[in-house]
Amino acid sequence: MLEISKYESLTKLNLTEIERTQIEKIANKLIVSFEDLREIDTKNVEPLVSVLVLQNVLREDINVKSISREELLSNAPEQYGGYFQVPKTLD
Amino acid sequence: MERFVRSESAGKKDAVALEQCIMEKGKPATSGSKMLNNFTAPFDAEVVSRLNATDTSIAGRVEMREFAVGGSFFDTQFGSPAIEALLAGDAGFALCSDVFGEIRSKAPMAGLAYIHPTYGSVSRYGLIPLAASMDQIGVLCKGLEAGFQLLSKIAGSDLKDGAMLSEKEYEYTKINRRLRIGIPTKIVALASEADQTAIKSFCANFETENIDLTHFEIAKQVMTILAFAEASNNISRYDGIKFGYRANEYKNLEELYVRSRSEGFGLPAKLAAIMGTYVLSRDQYESYYEKAMKVRRLIKNSFEFDKYDLIVLPLSISDDAYENLSLYALSPLAGLPSVSFQYEGQGIQLIANSKDENALITAWEVAQA
């Protein structure tokens with residue numbers, strides 16, 4: 001069964017007791033159902049990453065207008081002098 | 001959260017509502033999450049640019065389940081704001097993202113139809129992603145003919161979406177071809193009697209062939225594993241720094257991440273993050289994630305469109321929403337187009353071969369006649 005605290009730390013989440021119970025209940029039901037995968041013979045089957053046959057898409061090396069720095073930063077919770085602002089990262 | 005945010009064109013017959021995951025410049029795009037409550041779209045999604053270029057009005061924005069993580073996993077009722085907007089006359093169409101089949105399952109019961117186009121035929125530029133290998137913008141409509149007309153305005157290759165088919169445009173039209181419908185009898189037998197009667201009556205208009213969809217039952221597991229894996233990756237970008245919700249109080253960078261994500265995400269996003277990280281973890285990667293990708297190939301190869309043009313499916317085979325997920329997983333997993341609509345009072349789903357949307361329109365029109 002899922003050791004949920006390990007995945008909370010990996011996903012940078014701190015769940016409430018109620019959330020933990022809810023997620024555990026759903027996750028455990030799903031994990032039990034995943035066991036059925038073992039029954040399927042996939043010997044010599046390659047994983048399918050995309051349903052499309054993807055090819056490199058190339059274009060002429062010409063500047064294309066993208067969004068401006070101001071527009072990019074306009075959704076930042078905090079910014080300073082044209083940069084994203086974060087708390088001090090080194091003591 | 002408001003279920004429908006009106007634009008000036010709301011109420012116009014042909015106006016198009018947009019789910020909150022499709023960006024319209026200068027408007028909020030929440031993707032149904034508190035995480036993006038204060039997010040304003042910095043540019044138009046490609047589908048929005050194409051609607052604007054064809055003078056198609058935008059009715060407003062409809063709320064959605066958080067990041068479109070489907071209802072198959074939760075007991076809570078959410079309804080469908082997109083369906084409500086059409087029923088209320090606020091919009092004639094809605095553009096939606098429906099990986100888990102939530103709208104495909106509900107639209108026919110409301111007398112509406114839903115078109116899930118061939119993977120790679122509609123640009124996802126400006127669509128807030130859930131699971132990129134399956135994400136596809138689709139059309140909620142009152143009738144399939146008008147729905148496909150709208151689809152033809154937005155479909156066609158776009159360099160800004162890296163996973164697209166090469167066709168520049170699509171003309172969706174009725175064709176002169178005798179259609180053969182594949183009936184997966186074992187699956188149809190699990191539907192209600194009323195559904196079975198409607199399917200039988202629908203298929204009476206066509207040549208039919210009884211078929212066996214191998215790996216059908218396992219499709220729900222494959223979709224769940226792959227969608228959560230991709231979703232956990234996609235929502236890792238919400239860190240409280242570049243955009244989206246940031247917690248008010250934090251002592252250091254780690255706390256900023258954890259508090260912002262814990263307060264900003266709802267249960268659907270948290271479930272997707274945890275399950276996705278679990279199936280991608282070193283211990284589980286081979287038995288779940290890689291295995292699911294292999295079975296996905298088996299599912300994709302199991303269709304035999306040389307024997308039939310379309311597959312008919314019911315919209316429900318169980319009272320358990322998760323069991324029903326297999327019905328909706330097939331077309332996103334294999335990248336195939338599908339429609340769901342009402343026929344003789346019951347919901348029906350049709351799946352066609354890649355780029356064979358015209359078989360879907362034709363079948364629908366033949367059955368209406």
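**View 1. Y238(B), a buried tyrosine in a predicted model.** What kind of pair do Y238(B) and F243(B) make? Their planes stand at 90 degrees with the ring centres 5.8 Å apart, so this is an edge-to-face pair.

**View 2. A cluster of rings in chain B.** Step back from that pair and you'll find Y238(B) and F243(B) linked by ring pairs with F39(B), F67(B) and F265(B) into a cluster.

**View 3. F73(B) and F228(B), a tilted pair.** Searching the whole structure turns up 22 aromatic pairs over all chains. In one of them, F73(B) and F228(B) sit 5.0 Å centre to centre, with 45 degrees between their planes. Which parts of chain B does this pair tie together? F73(B) is in the loop between β3 (58-62) and α2 (81-87), while F228(B) belongs to helix α7 (residues 219-234), so the pair joins parts 155 residues apart in sequence. F73(B) is buried at 7% relative accessible area, and F228(B) is buried too, at 1%.

**View 4. A lysine over Y125(B).** Here's a charge meeting a ring: K160(B) has its charged end over Y125(B), 5.2 Å from the ring centre.

**View 5. A lysine over Y322(B).** How far is K220(B) from the ring centre of Y322(B)? The distance is 5.9 Å, with K220(B) lying over the face of the ring.

How values were computed. Residues numbered from 1 in each chain as written. Chains lettered and ligands numbered in written order. Predicted model: local features only at pLDDT ≥ 70, side-chain atom pairs only at ≥ 80, totals over all residues. Heavy atoms only, no water. Phe/Tyr/Trp six-rings, centres within 6.5 Å; stacked < 30°, edge-to-face > 60°. Helix = DSSP H or I, 4+ residues; strand = E, 2+ residues; numbered from the N terminus. Buried < 20%, exposed > 50% of the residue type's maximum accessible area, 1.4 Å probe, protein only. Lys NZ or Arg CZ within 6 Å of the ring centre and 35° of its normal.
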